[in-house]
Amino acid sequence: MMSDEEMKVRKMVGPDGHPYELIERPNKLLAKAGGFRADPERAARIQAKLSVLRDRYPDLAAEEVVKLRAAWRPFRETPSDAPTTERFATIAHDFKGQGGSFGYPLVTQVATSLCILLSYGDFAAPKTLMTIDLHVAAIEAIIAERLAGDGGNKGRELQDQLRVLLEACCPRQATPEIWRSV
Amino acid sequence: MSKSNQTGLEKLKVLVVDDHRNMRDLMKFLLTGLGVGYVSTAPDSAAAFGEMRAFLPDIVFADWAMEPLDGLDFVRLVRKASDSPDPFVPIVMMSGHTEYSRIIEARDAGITEFLAKPLSAIKVAQRIENIIHRPRPFVRTASYFGPDRRRQTKNFRGTERRAPPDSLLTESEINALLSGDEDDE
């Protein structure tokens with residue numbers, strides 16, 4: 001850690017009249033790693049080597065798929081129960097973050113759509129619950145059939161169908177903000 | 001690593017905090033591929049706090065969704081706890097939550113960079129480059145301690161507006177946080 005003597009602390013007043021301190025410190029990382037620049041070519045080579053992890057992903061995710069289906073059942077019975085919904089949404093959110101990271105962007109797309117349904121869907125509407133069930137089934141199928149990348153024709157077809165269903169449950173006009181991420 | 005293969009990160013120490021082992025493995029893979037010399041991992045915030053003392057990382061990548069303390073709690077602890085190993089350490093928050101309100105929440109906790117999932121080598125590299133070459137001063141107010149929350153943005157065209165309406169950040173600044181993009185100035 002840096003000693004206090006190395007810091008420059010300036011007393012300031014913000015435009016709102018509130019005082020604050022601006023603390024500047026020598027950039028030690030520049031001396032340690034100043035030669036580094038993000039290199040898209042190197043990054044692409046690393047990404048290409050990810051195939052090892054991509055091949056392992058369906059096996060790594062199998063347990064999570066079981067958890068997702070298990071979380072769906074109590075949610076279907078009592079969708080108004082906040083902790084039940086949160087448990088379900090947490091697993092869906094994990095799929096959203098992990099799928100694309102491991103070369104399964106289709107998993108991320110379907111899970112993103114599922115997260116939107118769980119955040120903004122009307123659980124009293126049977127079509128919403130049916131759509132959520134179909135999203136869970138889609139994730140199960142993508143993992144079981146190892147549909148990496150965009151999943152080819154099958155993947156695109158699946159995505160198109162789910163998008164229509166999502167839009168029926170969460171119309172774009174009513175929820176423009178959430179569609180930014182779809 | 002042969003000299004021709006060096007990237008400049010050989011002396012860098014990076015700590016990865018994520019409760020999912022496969023995500024820790026993935027980050028280790030990406031960071032090692034980028035040439036980071038030392039990578040350590042921790043499965044939760046409490047372990048990470050301890051590891052910070054022993055490992056003294058230069059940069060921390062922390063996942064948001066963890067239990068019992070989530071990534072934001074971890075950031076607040078590092079920034080504000082009296083026994084923090086390094087309140088100034090750059091922290092990159094990794095998350096699939098990319099809604100404006102979430103990004104603002106992370107920024108207000110004191111993150112240095114935001115890394116939206118899915119992860120990729122180029123996104124990780126860009127965050128590291130920002131931290132090394134474009135550090136921001138720290139700010140201490142009555143309610144906040146962390147990197148200056150305003151950042152320069154480039155290539156912005158059009159009317160500057162804040163989003164959402166009660167935010168300190170402009171829409172372009174939020175997009176800059178999401179993309180890791182900013183000026184060299």
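Guide: In this predicted model, α3(A) and α4(A) are roughly antiparallel to each other, the class for angles over 145 degrees. Helix α3 (residues 51–77) of chain A and helix α4 (residues 82–101) of chain A pack at an angle of about 150°, their axes 9 Å apart. Axes here are lines fitted to C-alpha atoms, for helices over the stretch in contact, and angles run from 0 to 180 degrees between N-to-C directions. Helices are DSSP runs of H or I with at least four residues, strands are E runs of at least two, and both are numbered from the N terminus. The crossing of α3(A) past α4(A) is left-handed, that is, the near helix is turned anticlockwise from the far one by less than a right angle.

On the α3(A) side, the contact includes A:L68, A:W72 and A:F75, and on the α4(A) side it includes A:F88, A:I91 and A:F95. Contact requires C-beta atoms, placed from the backbone, within 7 Å. By class, this contact has nine nonpolar, two polar and four charged residues. Ala, Val, Leu, Ile, Met, Phe, Trp, Tyr, Cys and Pro count as nonpolar, Asp, Glu, Lys and Arg as charged, and the others, Gly among them, as polar.

Helix α5 (residues 105–120) of chain A and helix α7 (residues 152–169) of chain A cross at roughly 10°, with axes that come within 11 Å. That makes α5(A) roughly parallel to α7(A), the class for angles under 35 degrees. Their contact divides into seven nonpolar, four polar and no charged residues. A:L106, in helix α5 of chain A, is buried, with 25 other C-beta atoms within 10 Å; the cut-off for buried is 20 or more. Beyond its neighbours within four places in sequence, A:L106 is in contact with A:I142, A:L147, A:D150, A:G151, A:G155 and A:Q159.

As for the other chain, the contact takes 39 residues from chain A and 37 from chain B. On the chain B side, α5(B) gives the largest share, eight residues. Strand β2 (residues 19–24) of chain A pairs with β6(B) in the antiparallel sense over three bridges, where pairing needs at least two DSSP bridges. A:L22 stands opposite B:V139 in β6(B).

Residues are numbered from 1 along each chain as its sequence is written, and chains are lettered from A and ligands numbered from 1 in the order in which they are written. As the model is predicted, local features need pLDDT of at least 70 and side-chain atom pairs count only at pLDDT 80 or more, while totals for chains, interfaces and linings use all residues.

Conventions:
Parallel < 35°, antiparallel > 145°, perpendicular 65-115°, else oblique. Contact = placed C-beta atoms within 7 Å. Buried ≥ 20, exposed ≤ 12 C-beta atoms within 10 Å, placed from the backbone.
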